[in-house]
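Reader: Could you take me through the aromatic rings of this structure, one question at a time?

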Amino acid sequence: MALHRDSIAALFILLLVAGGWYDLQGVATDAAMFPRLILGAMGILAVAMFTAGLRRAAPDMPFVEHARNLAITVGLTALYIIAVEPVGYFPATFVFVAVLAFTLGLRRPLLVLASSAAFTGAVWLVFVAAFSRRLPPGFLFDN
């Protein structure tokens, strides 16, 4: 029996959840609460995705339909992870969201910049303003 691509992706997500849960072992309980909540939700949804994929039979479908977009997303995400520490969270996030949207085909510069600014602002509002959590500072902003 061939696994549907959704089931394979769900297994990958479950591996990420397990790794994330393991990585949180040394973190204080109150600091680990939100990541564990997100990881738990991801795990539950991955199990649902796995079982739904078992019910579908499509062995002739390619695992990745848009390999170019996947490669762009993975590559830009890796660059983003590397850039967060030296550049800072907020400038790196703003540039990452804008560049990713543009390279994946969104061709309205004003919309790309507005979306990137809105996302970055929402993250600042939730984590810095509401939860008083410090994110990696950069050369432009020191939250």
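**Aromatic rings**

Author: At 25% relative accessibility, Phe127 counts as partly exposed, a term for values between buried (under 20% relative accessible area) and exposed (over 50%), taken with a 1.4 Å probe and protein chains only. This is a predicted model, in which local features need pLDDT of at least 70, side-chain atom pairs count only at pLDDT 80 or more, and totals for chains, interfaces and linings use all residues. Residues are numbered from 1 along each chain as its sequence is written, and side-chain values use heavy atoms, with hydrogens and water left out.

Reader: How are the rings of Tyr80 and Phe96 arranged as a pair?

Author: Rings of Phe, Tyr and Trp (its six-membered ring) pair if their centres lie within 6.5 Å, and planes under 30 degrees apart count as stacked, over 60 as edge-to-face and the rest as tilted. The centres of Tyr80 and Phe96 are 4.6 Å apart and their planes meet at 25°, so this pair is stacked.

Reader: Are Tyr80 and Phe96 buried or exposed?

Author: Tyr80 belongs to helix α3 (residues 67–87) and Phe96 to helix α4 (residues 89–103), 16 residues apart, where helices are DSSP runs (H or I, at least four residues) numbered from the N terminus. Both Tyr80 and Phe96 are buried.

Reader: Which residue lies over the face of Phe102?

Author: A charge sits over a ring if NZ of Lys or CZ of Arg is within 6 Å of the ring centre and within 35 degrees of the ring normal. At 4.4 Å from the ring centre of Phe102, the residue over its face is Arg107.

Notes. Helices (H or I, at least four residues) and strands (E, at least two) are DSSP runs, numbered from the N terminus.
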